[in-house]
Structures are given as C-alpha cells and as structure tokens.
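Here's a quick look at charge pairing and helix packing in one model. Have the sequence and the 3D view open while you read.

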Amino acid sequence: DEANCPQHLVQLITNLNAFADYSLACAEQSGQSPEILQRVHTDTTQARAQLELALEVFVEADALLPTPN
C-alpha cells in the first residue's frame, strides 16, 4: 500500500540509526577490528541517508509537512 511507504521508510531509518549507534558502541567495547566496525557504521549511515532522500520524495509529493508561513 503506497500510503504506508513513508511510515515504512521512517521505521527503516530509525532502525538504521539504532544499528549505526550499536556498531560504534561495538567498535569501542569489543575485540573486533575497529576498522571493520567503523566501515559498518559508515555504510549504515550512507544507507540511512539514501532512505532519507526517498522519504523526502514522499514528503514533497504528498505535501506531508505544512508549508511555512
């Protein structure tokens, strides 16, 4: 259902934000390679940014935010 797409995108963005934070915490606390976890964090934030662009398309097309006065 097209009407639910923005809600799904918001949920995905929220989950990616949480995972990005988690990957940074892992980098600080685990014995894993910090370079790998930093790469995971970077890739996750880039994916989130792409989804934010997709959400922006819905917001603009459907006028989901009020226009400023």
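In this predicted model, the side chains of R39 and D43 meet in a salt bridge, 2.9 Å from N to O (a side-chain nitrogen of Lys or Arg within 4 Å of a carboxyl oxygen of Asp or Glu). By that rule the count is two salt bridges, and the other pair is E52 with R48, whose closest N and O atoms are 3.1 Å apart.

| Pair | N to O distance |
|---|---|
| R39 and D43 | 2.9 Å |
| E52 and R48 | 3.1 Å |

Where do R39 and D43 lie? Both sit in helix 2 (residues 34-61), four residues apart, about one turn of the helix. E52 and R48 are also four residues apart in helix 2. Helices here are DSSP runs of H or I, at least four residues, numbered from the N terminus.

As for accessibility, R39 counts as exposed at 54% relative accessibility, D43 is partly exposed at 34%, and E52 is partly exposed at 34% (exposed is over 50%, buried under 20%, partly exposed in between, with a 1.4 Å probe and protein chains only).

Now the packing. The axes of helix 1 (residues 5-29) and helix 2 come within 9 Å and cross at roughly 165°, with axes fitted to C-alpha atoms over the stretch in contact and angles running from 0 to 180 degrees between N-to-C directions. That makes the two helices roughly antiparallel (angles over 145 degrees).

Residues are numbered from 1 along each chain as its sequence is written. Local features need pLDDT of at least 70, side-chain atom pairs count only at pLDDT 80 or more, totals for chains, interfaces and linings use all residues, and side-chain values use heavy atoms, leaving out hydrogens and water.

Note on methods: Angles under 35 degrees count as roughly parallel, over 145 as roughly antiparallel, 65 to 115 as roughly perpendicular and the rest as oblique.
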